[in-house]
Amino acid sequence: MILLLVLAAAFGLIAWQVQTQGPVVMLDGLVQAALAPLRTRPVLLAFDWLTQAGTGGTGAIVALVASGLLATSGRATLVGPLWIAFVGAEATTWSLKFITGRARPPFLEGLTAGSPSFPSAHATVSVAIYGFLGLAIARGVPPEWRGAVLAGVVALVVLICASRMVLSLHYLSDVLAGAVIGGFWLFVAWRMI
């Protein structure tokens, strides 16, 4: 319960800073400026490809495939919580996007997005879905492999989150808020097991 309160407080602090144009907004601008030199064509192409792993559509496909694999491997009890994580994360993020209505960073040429910026749905889905599946996989492998599984999942999630900022589709605070929401739903779903 304490972790849920900490996550809720972290989200509230980030949201308050964004709404009041607090210091986090200045940090958002600094991160955008620091990423500018990285935005070369090869880097943008790589991150554009990588960011697709964090879409809601990809998350739904991953959850659907994982549900089939979990059900047929005798781990059907994980299917319901997996979908709680996904649906809860998506519903929360999309509701908050339209409540806050934050404008996105200036778009790079050829990139656009049609929804408000805060919080990042890609970050939310990545933490909730890949985090859940990482824990499920780690639970089923020998103990000496658990660290490697979890490190791989953390690396994937960090890269997806970074892709949103490198592509100038989100600010740092959008990504952090999305990750907190994803962590909230990951925790809720995992506690159901």
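Because the model is predicted, local features need a pLDDT of at least 70 and side-chain atom pairs count only at pLDDT 80 or more, while totals for chains, interfaces and linings use all residues. Residues are numbered from 1 along each chain as its sequence is written, and side-chain values use heavy atoms, with hydrogens and water left out.

Begin with helix H1, which covers residues 2-19. Helices here are DSSP runs of H or I with at least four residues, numbered from the N terminus. The expected span of a helix is 1.5 Å times one less than its number of residues.

Which residues of H1 are buried? They are Leu 4, Leu 7, Phe 11, Ile 14, Ala 15, Gln 17 and Val 18. Buried means under 20% relative accessible area, exposed means over 50%, and partly exposed lies in between, computed with a 1.4 Å probe on protein chains only. Seen down the axis of H1, the buried residues fall within an arc of 165°, so they line one face of the helix. The arc is that of the directions from the helix axis to the C-beta atoms. An α-helix has 3.6 residues a turn, so residues three or four places apart point the same way. The face of H1 turned away from the buried side carries the exposed residues Ile 2 and Leu 5. H2, H5 and H8 are among the elements that cover the buried residues of H1. Just after H1, Gln 21 takes a positive phi of about 55°.

Next comes Arg 102, in the loop between helix H5 (79-100) and helix H6 (121-140). Is Arg 102 buried or exposed? Its relative accessible area is 13%, so Arg 102 counts as buried. Leaving aside residues up to four places away in sequence, Arg 102 touches several others, including Val 18, Val 25, Pro 116, Phe 118 and Tyr 171. Touching, or contact, means heavy atoms within 4.5 Å. The side chain of Arg 102 also makes a polar contact with the side chain of Ser 173, at 2.7 Å. A polar contact is a pair of N or O atoms within 3.5 Å; within protein, one must be able to donate a hydrogen and the other to accept it, and residues adjacent in sequence count only if both atoms are side-chain atoms.

How many salt bridges are there? The count comes to two, where a salt bridge is a side-chain nitrogen of Lys or Arg within 4 Å of a carboxyl oxygen of Asp or Glu. One joins the side chains of Asp 28 and Arg 102, at 2.8 Å from N to O. Asp 28 lies in helix H2 (residues 23-35) and Arg 102 in the loop between H5 and H6, so this pair ties together parts that are 74 residues apart in sequence. Asp 28 is buried, with a relative accessible area of 1%.

Another salt bridge joins the side chains of Arg 102 and Asp 174, at 2.7 Å from N to O. Asp 174 is in helix H8 (residues 172-191) and Arg 102 in the loop between H5 and H6, so the pair ties together parts that are 72 residues apart in sequence. Asp 174 counts as buried, at 0% relative accessibility. Salt bridges that share partners join Asp 28, Arg 102 and Asp 174 into one network.

At 32% relative accessibility, Leu 150 is partly exposed. Leu 150 touches Gly 134, Leu 135 and Ala 138, not counting residues up to four places away in sequence. Leu 150 and Gly 131 are 19 residues apart in sequence, and their C-alpha atoms are 8.3 Å apart in space.

Terms used. Helix = DSSP H or I, 4+ residues; strand = E, 2+ residues; numbered from the N terminus.
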